[in-house]
Amino acid sequence: METTVSRLQLIIPAYRMHTQQFNNAIDGISEADALKRIEDRTNHIVWMAGNLVNCRYWLANILGMADKDPNEQLFKDAKALDPAASYPSLTALKEEWHKISPLVFQKLQTVTDAELNEAYPFGMGVGFVEENKLNMVGMCIGREDYLFGQIGLMRRILDYPGMKYDIDESINY
């Protein structure tokens with residue numbers, strides 16, 4: 001199914017690649033390693049993965065969906081890592097990723113130009129970025145790119161193979 005909004009033709013492939021990349025990014029990482037930080041200065045992979053999931057829920061909400069991230073208190077607004085907090089497992093985050101992602105994908109297929117043009121104030125105050133829903137969709141994709149890059153770097157630091165770009169054809173969102 002193709003989106004009814006031509007302006008999303010660039011977003012849909014990136015969205016689908018990110019959906020695939022989540023599995024590849026966390027592939028083979030142990031739950032213990034997923035909580036490791038480098039010199040207590042970096043975020044851990046669980047925090048990064050949780051922020052990816054939260055980003056998908058954020059996108060759902062931007063697009064008018066009522067779904068809420070069950071771990072919102074840990075990740076909303078890219079909340080800083082709390083070393084004392086109890087974070088969900090990578091397995092639980094993967095389940096949430098694949099729960100919200102097909103729903104958002106469906107919405108991306110049907111969202112209208114009028115909806116995307118709606119104002120969406122996000123307080124950045126950047127003169128060349130119109131604060132509307134369309135630009136927030138783009139910002140979400142950019143945020144996901146950033147987080148995948150962080151996970152890719154952490155994989156190498158923790159002595160895991162680099163992230164693969166394998167595609168699972170059964171994932172159609």
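The questions below go through these topics in turn.

Reader: What kind of model is this, and how are the values taken?

Author: Residues are numbered from 1 along each chain as its sequence is written, and side-chain values use heavy atoms, with hydrogens and water left out. This is a predicted model, in which local features need pLDDT of at least 70 and side-chain atom pairs count only at pLDDT 80 or more, while totals for chains, interfaces and linings use all residues.

Reader: How are α1 and α4 oriented, roughly parallel or roughly antiparallel?

Author: Helices are DSSP runs of H or I with at least four residues, numbered from the N terminus. Axes are lines fitted to C-alpha atoms over the stretch in contact, with angles from 0 to 180 degrees between N-to-C directions. The axes of α1 (residues 11-26) and α4 (residues 90-110) come within 11 Å and cross at roughly 170°. Angles over 145 degrees count as roughly antiparallel, so α1 is to α4 roughly antiparallel.

Reader: By class, how many nonpolar residues does the contact of α1 with α4 have?

Author: Contact means heavy atoms within 4.5 Å, and on the α1 side the residues include Tyr15, Phe22 and Ile26, with Leu93, Trp97 and Val104 among those of α4. Ala, Val, Leu, Ile, Met, Phe, Trp, Tyr, Cys and Pro count as nonpolar, Asp, Glu, Lys and Arg as charged, and the others, Gly among them, as polar. Besides six polar and two charged residues, the contact has a nonpolar count of 11.

Reader: Is Asn23 buried or exposed?

Author: Asn23 belongs to helix α1 and touches Lys94, His98 and Ile171, leaving aside residues up to four places away in sequence. Buried means under 20% relative accessible area, exposed over 50% and partly exposed in between, with a 1.4 Å probe and protein chains only. The relative accessibility of Asn23 is 18%, so Asn23 counts as buried.

Reader: What is the relative accessible area of Asp40?

Author: Asp40 lies in the loop between α1 and α2, and its phi is positive, near 55°, in a residue other than glycine. Asp40 is exposed, at a relative accessible area of 62%.

Terms used: Helix = DSSP H or I, 4+ residues; strand = E, 2+ residues; numbered from the N terminus. Parallel < 35°, antiparallel > 145°, perpendicular 65-115°, else oblique.
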